[in-house]
Each structure stands twice: as C-alpha cells, then as structure tokens.
Amino acid sequence: MTESELLELLFAEGEPQSTAFHLQLGAWDLVEEGRWISDTKPLTDERRTLVLSKLAFSELAAAVVNETFPPNKAKNVFIEDADWEPWYTAGVRQAHSFYWDAYRTVLEKSLPATSIQNIDETTNRIISRLSDPCSGTPYQAKGLVVGHVQSGKTANFTGVIAKAMDAGYRLIIVLTGTYDILRDQTQRRLDKELVGRENILGGIEEGDVSQAVNVDYWRSDDQDWHSDKFVRHGAQFWATGGIPRIRRLTTSTDDYKALKQGLPALDFRAGNELKFPNKGVWAPENLFTTDVRLMVIKKNSSVLAKILGDLKKIHADLGEIPTLILDDEADLASVNTTQLGKVDAEGKRERTAINKRLSELLDLLKRAQYVGYTATPFANVFVDPDDVSDIFPRDFVYSLEPSNEYMGGAAFHDLDGLPDDVSPTPALSNKAAFVRELDRQPDEDADLMKAIDAFVLTGAIKLWREANPDHNTVNAKPVSYYHHTMLVHESVTQQAHAEMARRIDTIWNAAGYSMPSANARLRELFESDFLPVWQSRRGTGEWGAVVMPDDFADLIQHLGRAVDRITSQGSPVVVVNGDTNSDYQKLNFQAGRVWRILVGGAKLSRGFTVEELTITYYRRRSQAADSLMQMGRWFGYRRGYRDLVRLFIATQAKDPKGKSFNLYAAFEAILRDERDFRDQLLKFSLIRQDDRPVVRPIDIPPLVFQSLPWLRPSARNKMYNAELAFEGDGGVVKDFPRQPDRNKRVNAAHFALVKPWAEQLSTPDSTLEFTYRLANPDVDDNQQDLVDANSSVRSFKAWAVVADAEDVRERLSGFRWAKDYTFEPTLHLMDMAIAEGTLSEWVILTPDLTPYRAIVDGVSVPLLQRSRREDRPGFSGSSFRQRHALQHIAGNPRARYGGPEAERLMGDGTRGAMLLTFSPDLDFSTVREEDRKGAVRDALEGGSLAANDIASLFSLVFPYHSAPAGRVGFRVRRNDLQDMAVVDKD
C-alpha cells in the first residue's frame, strides 16, 4: 500500500479505522513515560513530531496528518499541591483498565476523538492526584473540578469513576443535587454507560420474566433497556477473574435506604470476599478480588445519616476501605455556610446539616478521597482552608475547557463588544443571532406566542433535516433529533407554574397551527429570523454540515408532523415541580420521545439536563450569581441545530416590588467575572519552578468579587488565604472601568491628573490612522485570515502622546476606585517593569471616533460616549476596535493588525500602550428614556463642559516583554509561610 493510499484510508471521515487511528495518535500524545518518548512532553508539538517520525511518515504526509488530526491542546488549567508522589503510572493503567476501556467504547459512539482524548488526559490527572488505594498509609486527597454549565462534566466524572474502580477504589459515593429528578438522571446515566447490563442483572437470566420483574429498568419499561442500549461487558464477564463486580446500593427509582439485615452488601469482611482476612481491604491481594459498592444519592441529611448509620455497623475497619466521594454540584448544599469560628455545645465547629454529614463521612473513612464538580465554584473557594474536616480543595483545582462544539454563555453575548460604526448583524453579533429581548412592558401573550412559534418552526426544520440526510450531517453522520424541547422559566412558585401552563395551553389553542394564518406567521418568522441567521454563519464549524430549505413551502408538511409530536399527549405543556398534581413523573427522557414545552423552576435550574433544548423563555431573577448561572439551561451541546437555538429573555423587566432589572445584562456581567476568574486560575497554573508547582490551591488568593450590587457571588463564607500583590499580562489589553459611582469631585480630580496629556493632543487634522479587524464569533482568531480577511480589516483615527513611565505611574496612582477594587497590583507591576528596564514609556492613544470636542478646564478634548453600567460601579468596557493597535504598539508578536503607525510607535519594545478616553458623565436618570439620546447628543455638542462632568477612562497594555507569560505575585497571610512574602514568576 502506498503512503497516499494509507492516508486516504486513515482520513475516511466517520469510518472505524479513521477513528481508531485518531484515538491511538491521542494515546501516544499523552504517554508520560517510556524509553521511546525521549525528552518530549505530553501534548506538545515535539511529541507529535516524534510519533510521526517513528511511524515513518514523510514530511508532507506528517503535515497532512497534523492538519487532519491536530494534537489535542485543550486549555485545561491545573493547580496542584507539589507534595505528592506519582503512583498512577502507565503500568498501573494497563494492568487494570476494564471499566475505562468499556466506557471509552461508549464515548466513541457520540464524541469526536479529540474530546475523548481530553477526557482521558484530564481523568488521568485527577486520579493521579488521589491517594494510591493500595498504600499502607491512608491519606485523604481533596480536589475541585470546575467545568461549565451543561458542558459535559458528567462524562468527565464518569471517566473518573471508571478509572477509580479499575485502580482499586471499592466504595463509590456519588452525591448529586438536592432533588430526585437529578439523582435519578445521574443514576441512570451511570448504569447505562458504565455499570452495564451484567452488573444490573446481578446473575439474573434476561429471559426469566419472573426474576426480571425485580430489575428496575425492566419494571419501569425503560425503552433503552428493552432496545439493548445499556452497555454490555460481554458473555465472559462473570467468568473472568480480576474484574470487580459492581453492587448497586441505589437504583434508578430508589435512593439509599438503611440496609438493616442486608448489611453484608456493604461489608467487605462479611462472607469470604477477602482472600486474606488477616490483611487490610486495601492490600493488593485482597483489593482486586473484591466487589465495588456504588451508591448515587441526593444531598439530603437523612439519607446521609442512613449511610453513616450502616457504615458504623459493619465489621470492616472503615479506615481500610479505599473510597471515592464524588460531589456533583459541589457548591450546592455541601459548603458550610455558618459563621467562621462559631462552635456548638460540644465545642466543635458548627456546621450546616449536609456539610456536617460530609464531615462525619470524611472522619469515618480515612481513605476517602473527595472530588467536587461544579460549574460555579464561587462558594467553594471561600471555604476555610484550615478546617481539616471540611471540603476545601487543598490538593488540586482543575478548570476544564469544553470542546469547540459547546454553546456556552459566551455564544449568546458579545463579550468583546462591537465597534460603534458596525451594525450588530447576526454575522458578527451573538446577541443578534440568538437572543430575542422581551419588552419592558410586554404583551406577555404576544411574547409567548413568538417563542412558541419558534419552537414549532424549529421542530419542523429538524424534521426536514432528518428527511434530507445526504445534506445534513455532523461528524459524517446524518443528524437525528430524538427530543425537541422548550423551557419556560419565570417563577419558582408552583402556583405560577400552573398559571403559566394554562396560559400556554390558551395561546397554543389560539395559535391555529393547522390554519393558513399560522403558516403566514411562521413563514415571516422563517424568512426574517431563522433563514438569515443560518445564511450569515454558514460554512463555519458545524454550521457547514447542516443546511436550510430555500423555500418555506418545503417545511409545511413537516410543520404538521411537529405539531402532532408536540401534542401527542394532549397538552403541549409539561409542568416540572414538586407539586403532586404536576407532570413531574411524566418527564422521562428515557421512556420515549419528549417534544414538549417544560414549565418549572428549581427542579430544572441546577444540574438536570433538559434534552435537546432549543427555545428558552426566561424571566426569573436570582439574588446569587452562581444560582443565576446554573439557571442557564440554554447552555450545552447543540449538535446539528446550533443555528436554531433562541433565548427569549427579559432585558427590562420589573420584580414584584416594581424595581427594574436586566437579566441579559446580569448574565453578561457574570460571564465576564467568570472569565476573569478562569484567567486568574490560568495565571496561577503557569507558575512553575523545576517543573513543580509552587502555588498550591491553599495559596490561591480570593478571586471572586461581587460585581453587581444586587447579585452576590454566593454565600458569604470567609476564606482567608493570600493577598494579591501584583499581576499583569504583557501585550494584552486590560480595562480599568471600575471607577466610583458618579462623583463630581472624583471626576475633577481625575481630569486634573491626565490634563497634561490632554494638553498635548493635537488638532483634528493631525490624527494618525490605525487598523483593526472585525471578529467573526464562530471563527478562531488564528484562522481568521482564511475567512475573507481583506473585507474584515477597517481603520480608525486617534491622537498619540508618548509619556514617561514614571510620570504615568505617578498620575495613575492618584485615581480613585470603586469599593472592594484595588489598582495596587497593577502599580506594583509597573514598578517592577520600570526597575527591570522592560517599561520606559507609555504611548497614550485617544481615539477620534466622533465629531464632538469640548473645552474642559481650558483644554480641547475629544468626547466619546461611554455609559455607566446600571448593574455595577463603573463604566462599560472599551471597544475591541482599538485593541489590535494597542497590542501591536506593546510588542505582542501575535498582534497582526494595527498598521504602520502602530509598528512605528512600538519603538524598541519597552513601550506600553494606554487607551485614554473622555466621556460626559451626566445624570440623565430624570430624563424620559425616549428623550435620552437627544440629551446625550446635546451634551456632546455643547462645546464646553466642566471638569467635574467628564469621566477620564483608560485601558492599559504592558510591554509584551515585561510579562510575556503573565506575572502574578501575592503576599501570603498564612503563618507557616511568612517567609514567602512574595511569590514571583518570570
């Protein structure tokens, strides 16, 4: 076979040999030890080059392989305690890998190879940080895994459980949310994808109906069970030695119950299970011949009390059982929210009920490892790190990045903004593409009908795509849509849910989906919304794999089919709450197709996956950022229908007390803070010394702040840790908008500080021209040149002033900031860069984007309207228009735009760049909303403004070489590390 023939065989998309080759490449990329790897490290270009050279590919063929199967370089962040000994080696993994191999086979049916490689690599990392289950010395490791809402955390922790069982952990306790609906969903998924039919049957003959009736999935008429979709481990499973059986102590319908006479099910020393009773359960000669006990429980104090009671009754020494406690939604209920230092009558630290039970479990099970999973870690990083019985992640914090297929919060927001002169079209704006604002004083029935129309129409489009498989594929497989759902989330009360269901029924009956009037309405929606959005982004990513009919007439027959599916059970609505009269028990995604409109609150707002959610109607407010973020059920993987997703959300609504709030802006604020949180974690994870981390989880400073006055991050737990001393990224723009609330004296003082620079600004005819690039939200920055780059490059004008670094530092130190915000770490980094000689000057850019100028304190300055945020102190961030030029001036080698003037101003590489803007800061709250634009324009055209009515705003870019990989330092407050005043990374 020639090399070209081999490549053709390997690149046959969707074929088994292609997938197998991709996975094997990923396995070689991940190898940590072995003579053949030389000095190459996992997941590096050097490792891939070595692999392809050993496979004897030519240089040209190797380039094609890398282009087709690029190395998986997921942006996962790992922060670990350095004091640990590697035990989970390649040899250990090869010796015991039964359940992981089985689970990987399940993943291969639904995920691309790169995603599977990512799960393999991260789960290896997590298991390696747990204690060796065969160690003679017990040790409890505690860690936290931070994912994203609806981003596939379950797949990751299922992989962890599989590898933990293979490695020797014999008691697995999975904590889910606080509702049965999530516990049941988690139990079923683990049973279907990991536990398998053989373990569920427990030796029962499948054809024996008299015994099968006792099997929960047979009894509940689970369609996947009867369709043989639960994983099978093979006919030889029971006869093969060295493979642990799994005893389920909970089922798909039953949470944990006190075992009473069934205690041997939990007791490792009952019967003859241990081959060497005189040795511990943890001894290898015992461990690998024992069964795994698995329980999936909801976080309920009484349930945990039953487990504790049974554990205290068994004969086995609890300190000898290797245990994994996996806490899904770890920030919910698990965290102790009592006041720090408060003690009970016995002098012990006072705890909340569930946290107390968790603490007791950890005290009993000396070999228990605790791994928390959450998408909203704010509460967890506030936990007291000195409380040895608590769940602070002292050993590791891992932040996982989802794959490119994930449609998260950023997909619905324009976090980097758009230039003022650019229309927010669906091609460039995520908001324009996917978000539909609900009016301030809505005709709520009209709003609901629009959302329901979108639900019906998208159902028809899905059916049309299924009927045209040759043109609609994802990963070379025809698209298929088993479920189709819409979520209505407006209130937490059961009475409101019942009323909403009645309203939807009434609107549905009035919609007339079988009448010509409805077709006319849906045609207009198709032609004005769904078709243009698809056309605007076609050809990028998954969008290129699905098509849209050119004519609405092609959808008409499918509209009838969609309506029939939605009304197959009568009402199109299913209410999901705890009311005994609700349809909660009828919501079963496993029993058959679900094409319904779901109305609910808390039961649908955390952890629970609403399958194939396409349309969301959302109006519910929350007082906590993490709770609000968890309500974002519209986040997730939307394979084959990403273009159809729509979010109908209140942007100017009122709460029961009549106070206005903007839910869309609230989500955006949380997303920005979450991005900052993850960026900070990344900086800390990059700090290394001799390939060992010098920043442990216990040393991470508090990184969570309350950005919105009415929206706190989480419970008010105290976490004393470390104090950030300095931080910054060379060549990266950072905004500093968090100025105090409107204050005339502050404005005047700030203008006085920057006035000497303003005086140097030339007349409008001496501006410089810079370039920037419009961003396509669906195209990676590194690939942008491939997507019509010439048409996306534009220019803007600005004035430029060069100022001495010491002078800039002195003047900026006089700025005042919002409460709980400090500029000191940035000033400290300036001092260090100046002392090192990597920062000598700042190029101050003031953009010329409007025709407006004003005389302020005798100085002519250009004006640019920058709005004060309604949801937090300070102003909106800068436009991305100027960022390319600023980063170019600061010497960032990846800054490909900016133009010749930016190249000239870069100088010798020791110049930073500052964006300085002046904005009228006037109070228009008493002006009617419809008159505000005119009032702002009048202020801009006024020609003269007092210094106290001008806000002076700036963004900074440090010279690239002053912090090319980011620099972070902090002062440690802990007594045992007082000699480490500042930890630096160069």
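The model is predicted, so local features need pLDDT of at least 70 and side-chain atom pairs count only at pLDDT 80 or more, while totals for chains, interfaces and linings use all residues. Residues are numbered from 1 along each chain as its sequence is written, and side-chain values use heavy atoms, with hydrogens and water left out.

I start with the whole chain. The protein chain has 29 helices and 32 strands. Helices (H or I, at least four residues) and strands (E, at least two) are DSSP runs, numbered from the N terminus. Of its 986 residues, 57% count as buried. Buried means under 20% relative accessible area, exposed means over 50%, and partly exposed is in between, with a 1.4 Å probe and protein chains only. A contact means heavy atoms within 4.5 Å. Among contacts in the protein chain with a separation of 6 or more, 79% are between residues 24 or more positions apart.

Next, the nonpolar cores. A nonpolar core is a set of buried Ala, Val, Leu, Ile, Met, Phe, Trp, Tyr and Cys residues joined through side-chain atoms within 4.5 Å. In soluble globular proteins, nonpolar side chains tend to be buried together. Which residues touch the most other members of the largest nonpolar core? They are Phe412 and Leu457, in a core of 71 residues. Helix α17, residues 444-467, gives the most to this core, with 12 residues. Another core, of 53 residues, lies apart from it, and its members include Leu130, Leu194, Ile246 and Tyr373. As for Phe412, leaving aside neighbours within four places in sequence, its contacts include Met407, Phe434, Trp634 and Tyr664.

Now helix α8, residues 153-167, where Thr158 is found. Thr158 counts as buried because its relative accessibility is 0%. Not counting residues up to four places away in sequence, Thr158 touches Tyr103, Leu190 and Leu194.

On to the aromatic rings. A pair of aromatic rings is described by the distance of the centres and the angle of the planes. Here, rings of Phe, Tyr and Trp (its six-membered ring) pair if their centres lie within 6.5 Å; planes under 30 degrees apart count as stacked, over 60 as edge-to-face and the rest as tilted. A search of the whole structure finds 29 aromatic pairs. One of them is Phe157 with Tyr373, which is edge-to-face, at 5.6 Å centre to centre and 70° between the planes. This pair links distant parts of the chain, with Phe157 in helix α8 and Tyr373 in strand β7 (residues 368-374), 216 residues apart. Phe157 is buried, at 0% relative accessibility, and Tyr373 is buried at 0% as well. A second example is Trp508 with Tyr513: the centres are 4.8 Å apart and the planes are at 55°, so this pair is tilted. Trp508 is buried at 9% relative accessibility, and Tyr513 is buried at 11%. Ring pairs also link Phe736, Phe815, Trp817, Tyr821, Phe823 and Phe954 into a cluster.

On a 1 Å grid over the protein atoms alone, a cavity is a set of points where a 1.4 Å probe fits but cannot get out, and lining residues have an atom within 4 Å of a point. Grid points are joined across faces, edges and corners, and a volume is the space filled by probe spheres set on the points. How many cavities of 30 Å³ or more does the structure hold? It holds 3.

Leaving aside neighbours within four places in sequence, Gly136 is in contact with Trp282 and Arg367. Gly136 lies in the loop between α7 (113-128) and β2 (142-146). Gly136 and Glu320 are 184 residues apart in sequence, and 9.1 Å apart in space, C-alpha to C-alpha.

Last, the backbone angles. Most residues other than glycine have a negative phi. Ser38 is not a glycine, yet has a positive phi of about 55°. Ser38 lies in the loop between α2 (16-30) and α3 (45-54), and is exposed, with a relative accessible area of 56%. Asp857, also not a glycine, has a positive phi of about 55°. Asp857 lies in the loop between β28 (853-856) and β29 (859-862). Asp857 counts as partly exposed because its relative accessibility is 48%.

Methods: 1 Å grid on protein atoms, 1.4 Å probe; cavity = no way out; pocket = protein on both sides within 12 Å on 5 of 7 lines; lining within 4 Å.
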